[in-house]
Each structure stands twice: as structure tokens, then as C-alpha cells.
Amino acid sequence: MSNEARQPAWNKTLAIKWFITIFIPLIILMTPTSGGYTKEIRLFLAITVCAVFLMAFETLSTMMISLLLPGAYLLTGLGQSSIVFSGWLTSTPYMLVGAFIFANVLDESGVLKRLTYWCMIKLGGNYRRMLMALMTTGILLTFIANSASTMIMIVFCYAICKALEIGQTRDAAMITCVGASSVMIAGLAIYIPLHISLIQGGMNVVGIPWTVSYITYFLQNWPQLIYAYLLVIVWSFLFKPQSPTLAQRGKTYFESEYAQFDKMSLHAKKALYFALALMALLIVGPIFGMEAAWIFALFPAVAYLPFMNLGSQSAIRNVNFELIFFVMGCLSMGSVSTNLGIGTLISQSLSPLLSGLNAYFVIMAVYLLGIIANFILTPLAYMAAFSGPIAEVAIHLGVNPIGAIYALLSSTEQILLPYEYPAYMMFLAFGMVKLSDFMKLFSIRMVLALIFTAVIMIPYWMFIGIV
């Protein structure tokens, strides 16, 4: 393989990306230190910002960045190995491996594809109902496959656009963005072990233990699903389909595809029961003191038992270890930042600014802070690094930290550019969405989410007593 095939060709755009990646951290290194802003914190920020730009510009692979980041913290003496790699001693990496194996087993059985087409047929009719069906499919997939539903929806949205032969049009952008939003917004209402473990890790390092069950999390955040469907209504009202036959062609396509399925085999039925058993265990597990993360980590092994015979070696080989290392790199970022006292610095800086505000405006301030932070940090890094400090600030101001944490989590979804959230970059990587269409749709989405959070979510959190 040639060097040109291994890495992007050197050009003016790439040179600008590398210049920004190096120049901004150098500027940070030249900033004066004072008070709580120490030389170690300055160095940490420079290294971390450099890594964030490498991720945003995709000038290095995610795996290389995930290996280099904790290595840089160690080599510069910002933390000992017990701190830098503390995330590997938690349930997070094992939970992620289990979740991927679980999703791969279901995908290989054909159950997910069958369920997806069935939903699209039953709910698909006119253009708006077709988009509603797509949103429903993503939410259901998230219930079943959890965070692994993202990759399923990426391929599914691409397949729809190709089947409908609509190219890189606004219609393709609508389908892709609705599909992306379905699994991402669903993650605000459905327990995602990846997100919860990052937040728990950030809170634990500042001495604020927090656990939440699968069902409790849903009951505290279910109105987010209303926002998901409201988003489809607003988008479809503002942007009519360019192809007048789009909806009917879509329904016909799904009917023809679904008709090709044979009668559900014993293997597929066992896979469906396997998925339902996991969901049931996630719901009742907390009653018996079982953590959701360890359920995800251990339950997929059942698929490989002789009486099940569902699991394959490819389901293990296809685990996305690159994402796992990326998550652990984000955890390293949070552990080192806390050890350096960045959380204390943030608490000391935010508390005076928010003092005197009532609980409602404190939560709104946390939400707006997250939107700003999205331009600099990836959502996973933000969850890991800021959850502890935000919880500390909330407690100091007499506000329930749970509401503040949920506001932090909701804010990570509000972006204008795809580089802010790697999952959206993967959706756009399939070439069906123009950047201008993405920014137009997501600017509307940000405004709608801000209004919904201010009018519905925060009052709801206050009503149930977590604010």
C-alpha cells in the first residue's frame, strides 16, 4: 500500500489544520499562570486542546490519538499511571466490549433489520410519517442495541438514500439527520452505559457517588422523546420534500425488502428472546443490586452457551476497539484534570458567577455552558472532565446535582458543526449530506432544544424533585 493510500495527501487545507493544531496549544503554553491556574494545568490544557484538534480535523486516526493522549500525560509528569489509566480499572471497558458483542450478535441474526423494515412499513405513509417512522425505528433500536444502534442507523440511512436514488440532496440530508437524531436524542432518555459510566467516573473522583437504574433514568428523562418527535414535525414543516413521490417510493421499497424475508427461523427467534431477556434484566437488575454496566459486560456470554449457540467469532472480532480506546482516553482526560485541581478551579470560577441565581437559572447556565464547551471538547471528554466540577458547583449553590448533570448531558447534543460530535461525523462520512444543509437543520434543532429544555425539561426535573 502506498503512503498516499495510508494518509491524506499534503495540501493547503491539511497544512492549515496542522498549523491550527500546533499554534493554538503554543499560545496556551505562553499564557501567564496565577492563583489556581498552575503550570501543570496550562500544560494539560495545551496537550488536551492539541488532541481535540487532531480529533476534529481527523489528521490522525482515533486509535493513535487515544494512545498518544494518556502517553503524553505520563511523559510530561501530569499524572502517574494509576491516575492516567484508572478508567481501565472500572466496568467501562468491559461494558463496552459486551455491548458491542451483543449488538453484533443481534445484527448477524437479522433481527434488527427485520424489526427496522417492519417499523418503516407500519408507520410509513406520507413524507412526514416516513420521517416519524425513521425516528421511531432509531428509538426502538436504541432500546434494544443501546449505543451500538448508531452504526446500524448510519448504514440504514445510507441504504435508504441509495435505494430512493435521491443523491446528496436536501431530502437525503433530512433522512440522514433524522436518523442520526433518533439514536442520539434517544440516548438522553434511554440508559446508555457509556454516558453514565463517564459521568459516574467524573463524579466519583470528586467524592460524589451517584448511581441510577435503567428504569429510574427513563422516568426522569422520558420527555426528551417528545422533543424527538417535535423535531421531526418542525423540520418537515419547514423543509418540504423536493421529490413529490419520495414517501410512496420509500414505503414501496420497504415493503418489497420485507417481503424477501423468510419465516423467522429458530436462530432469529432465540436472538429476539435474547434481546428481550437483556432488557428485562436491565429493568429488574437494580432490585437485586445488579449494575447495568456489568449486565452489559457479562450477559452477552449467554449467546455463546451450547443451548443458545447464537454467538460467532466474527461478533467478537468486529468489536470496535478503536472506540473503546477513545472512550478510555476521554476518561484519562477527566482523571488527570481532576487530579490537577481543574475541577476546583472551575468550581471557584463558576460559583461567584452563579451565586444568587435560583435553581432554574443555575441549570440553564449549565446547559448553555455545555453548548459553548462543545466547540472545544468532544462530548465524551466533556462528560468525563466536567461532570464532577458541575456537580460540585450545584451542591455549593444548594442545587440538586442530578438536574445539573442531566442538563450537562443534554447540552452535549447541541451542535452546529459535525466535528463537535464524532458520531455525526460518521453519518456525514457516507457523503449524503451537504455541510450547508447540516448546519441549517442543526441550527434550527439547537433553538428548538433550547426552548424545549427551558419550557419542558427543567420544569419537569423541578416537578419530580431532581432540581
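# A guided tour, helix by helix

Begin by selecting helix α21, residues 379-396, whose 18 residues should span 26 Å at 1.5 Å a residue, and whose end C-alpha atoms are 24 Å apart, which agrees. The expected span of a helix is taken as 1.5 Å times one less than its number of residues, and the helices themselves are DSSP runs (H or I, at least four residues, with strands being E, at least two), numbered from the N terminus. Before going on, note that this is a predicted model, in which local features need pLDDT of at least 70 and side-chain atom pairs count only at pLDDT 80 or more, while totals for chains, interfaces and linings use all residues. Residues are numbered from 1 along each chain as its sequence is written, and side-chain values use heavy atoms, with hydrogens and water left out.

**Along α21**

Stay with α21 and move to phenylalanine 386, where a kink of about 45 degrees lies shortly before proline 389; the bend at a residue is the angle between axes fitted to the seven residues ending there and the seven starting there. Of the 18 residues in α21, 15 are buried, and the helix is mostly covered. Here buried means under 20% relative accessible area, exposed means over 50%, and partly exposed lies in between (1.4 Å probe, protein chains only). After α21 comes glycine 398, whose phi is positive, near 75 degrees.

**A salt bridge**

Next, select arginine 445 and glutamate 413, whose side chains meet in a salt bridge at 2.7 Å, N to O. Arginine 445 belongs to helix α24 (residues 435-463) and glutamate 413 to the loop between α22 (401-411) and α23 (422-428), so the pair ties together parts that are 32 residues apart in sequence. A salt bridge is counted when a side-chain nitrogen of Lys or Arg is within 4 Å of a carboxyl oxygen of Asp or Glu, and by this rule the count comes to 1. Are these two partners buried or exposed? Arginine 445 is buried, with a relative accessible area of 0%, and glutamate 413 also counts as buried, at 2%.

Now turn to helix α8 (residues 127-145), which has 19 residues and reaches 27 Å from its first C-alpha to its last, close to the 27 Å expected at 1.5 Å a residue. Because 15 of its 19 residues are buried, α8 is largely enclosed by the rest of the structure. Just after α8, asparagine 146 takes a positive phi of about 60 degrees.

Asparagine 146 leads on to phenylalanine 296, since the contacts of phenylalanine 296, leaving aside its neighbours within four places in sequence, are Met95, Gly98, Ala99, Asn146, Pro193, Leu278 and Leu282; contact means heavy atoms within 4.5 Å. Phenylalanine 296 sits in helix α16 (residues 292-298) and counts as buried at 2% relative accessibility.

Select phenylalanine 274 in helix α15 (residues 266-284), a residue that is buried with a relative accessible area of 2%. Not counting residues up to four places away in sequence, phenylalanine 274 touches Phe102, Val105, Leu106, Phe299, Pro300, Val302, Ala303, Met308 and Leu310.

Then select asparagine 309, placed in the loop between α16 and α17 (313-317), where its phi is positive, about 55 degrees, although it is not a glycine. Most residues other than glycine have a negative phi. Asparagine 309 counts as exposed, at 56% relative accessibility.

**A nonpolar surface patch**

Finish by selecting Phe19, Ile22, Phe23, Ile24, Leu26, Ile27, Leu29 and Met30, which make a nonpolar surface patch of about 730 Å². Patches are made of residues with over 30% relative accessible area and no salt bridge, joining like charges within 9 Å and nonpolar side chains (Val, Leu, Ile, Met, Phe, Trp, Tyr) within 5 Å. The accessible areas come from the Shrake-Rupley method with a 1.4 Å probe, and for residues only the protein chains shown count as cover.
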